[in-house]
Amino acid sequence: MHPLLQQDLQSLPELTQAARDLALGYLQGLDERPAARAPRGQAVDAKPMPLQQGAAAAMALFEREWLPTLAGSAGPRYLGFVTGGATPASLLGDWLTSALDQNPTAGWDSEAPVLERQTVAALGEWFGLSAAHSGAFVSGATMSNFVGLALGREWLGEQRGVCVAEQGVAALGPVRILSGAAHSSIHKAASMLGLGRQAVRKVATLPGRDALDPLALEAELGALAGQAAVIVVANAGSVNSGDFDDLRAILALRQRHKFWLHVDAAFGAFAALDSRVADLVSGLDEADSVCVDCHKWMNVPYDSALQFTRRRDLQVRVFQNSAAYLGEVGERPDFVHLTPENSRRWRALPAWFAWAAYGRDGQAEIVTRNLDGARLLGELVAQEPALELLAPVRLNIVCFAVRGADDARAVQALLERLRDSGEAFLTPTFFMDRWAVRAAFSNWRTQAADVRRVFAALRALL
Ligand SMILES: Cc1ncc(COP(=O)(O)O)c(C=O)c1O
């Protein structure tokens, strides 16, 4: 064994203790740590790598050079993108995932995949999904959307009597992916799947909203009949304003039109946990495939998401990876036959820890508190003459314009000043033809006092 490996093996108790202390220092400082920091720029990229001196030296170097440059993104005032933190239980699960280093891809050597199956089923219940949906952990909502569209593509082939997994996408003919406000990852997935970004077509949305207009969708479906095979991507929580497509109205269209229905419920699925908004995801169980992110509102560390589908047979057709050393697909397919990856991290464990530690009630409390936080910020914004709320706060996103900051550059400049104050991190968007700001609530630590602090920091810059 290399002497440095030997040395580190012997020092494992001290090394893991030191890593724990470093992590704890970060976590305990989160309330005061700047929510985000300006990156130092290109110059640091070219820095030479240091001489190797073992794990303790690597940690000292990391602590000195890199830790001070990192965001407080796991903290309560980081409201950019849709970013969760890590609850204590999910953090423990994540540490153990690394320490135990299981590969739940096949079920020959341990019961790690069984825990994954149980976790997927238990979380599916939170979102109102029945046993007809099975699923797997993937790295994020982008991969979950990718899997959903891959299954949709296979289903379209089935309708035409071809197998895309065997014959390739050329056998399929024209495909359209219809959506009101598709997340950018849908375009990326269309590109990766050989369907092409141009296959994604925007359907008109309801006035002043980014929820799809069901009448416009019906008209599109009518126009495409016999011309193209169709996947509909419904949004349960649009990234700009947290708006929801009417799933029941979309489902009703299936009486007259054939399409695969994928629902991007990356964060919106969690609406099911609060009775004030649970109706927003009514009908989710009837979708053909569903995307839910865990590293957003479930506050599980990156990277973790769920993909669900009612058509596991199609999933096996697309992702099967048969080889003598991996075994047959069988009645209960191993994950190697279900996900884009073969070998993979045991992502289920952090989510299992959160589920086992806090359960539905604990998760519901986070959702409810975040909804209250978003509503509070919405009220403060609505009362401030220099700001203009662009959409009602339907879930956890507050979308607003800043008077005087009418273009991308001005909004960006304002948000950079806010970031540099260390008080909060928010991200820009373009909504209803206006450059705007959005604040997304999904961190388990965010309290009403944080909301007031974010607002005060913002107002000080107006
Ligand atoms: C609705 C929606 N879908 C997909 C994604 C992509 O998520 P990820 O970055 O986890 O792949 C996001 C991220 O914000 C999202 O909000």
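Student: Which residues does the face of helix 14 turned away from its buried side carry, and why are they called exposed?

Tutor: That face carries A449 and A456. A449 and A456 are exposed, so each has 12 or fewer. This is a predicted model, in which local features need pLDDT of at least 70, side-chain atom pairs count only at pLDDT 80 or more, and totals for chains, interfaces and linings use all residues. Residues are numbered from 1 along each chain as its sequence is written.

Student: How do you know that the length of helix 14 agrees with its number of residues?

Tutor: Helices are DSSP runs of H or I with at least four residues, strands are runs of E with at least two, and both are numbered from the N terminus. The expected span of a helix is 1.5 Å times one less than its number of residues. Helix 14 (residues 448-459) has twelve residues and should span 16 Å; its end C-alpha atoms are 17 Å apart, which agrees.

Student: Which residues of helix 14 are buried, and how do you know on which side they lie?

Tutor: The buried residues are D450, V451, V454, F455 and L458. They cover an arc of only 135° around the axis, which puts them on the same side of helix 14. The arc is that of the directions from the helix axis to the C-beta atoms. An α-helix has 3.6 residues a turn, so residues three or four places apart point the same way.

Student: What do these buried residues pack against?

Tutor: The buried residues of helix 14 pack against helix 12 (348-383) and helix 13 (408-421). Two residues are in contact if their C-beta atoms, placed from the backbone, lie within 7 Å.

Student: What makes strand 8 and strand 9 a pair?

Tutor: Two strands pair if DSSP finds at least two bridges between them. Strand 8 and strand 9 (residues 397-402) have three bridges, in the antiparallel sense, so they pass the cut-off. One of the bridge partners is A401 in strand 9, for E388.

Student: Why do strand 8 and strand 10 stand at the edges of their sheet?

Tutor: The open sheet of four strands has the order 8-9-11-10, with antiparallel pairing. Strand 8 (387-389) and strand 10 each have a single partner strand, so one side of each is left without a neighbour in the sheet. The twist averages 40° from one strand to the next. Angles run from 0 to 180 degrees between N-to-C directions, with axes fitted as lines to C-alpha atoms, for helices over the stretch in contact.

Student: How many bridges join strand 10 to strand 11, and in which sense do the strands run?

Tutor: Five bridges join strand 10 (residues 427-431) to strand 11 (residues 434-440), which run antiparallel. T427 has R438 in strand 11 as its bridge partner. The two strands form a hairpin with two residues between them, and M432 in the turn has a positive phi of about 50°.

Student: Is N299 buried or exposed, and how do you know?

Tutor: N299 has 26 other C-beta atoms within 10 Å, so it is buried. Its place is the loop between strand 6 and strand 7, and its phi is positive, about 55°, although it is not a glycine.

Student: Why is F81 called partly exposed?

Tutor: F81 has 14 other C-beta atoms within 10 Å, so it is partly exposed. F81 is in the loop between helix 3 (55-65) and helix 4 (88-100).

Methods:
Buried ≥ 20, exposed ≤ 12 C-beta atoms within 10 Å, placed from the backbone.
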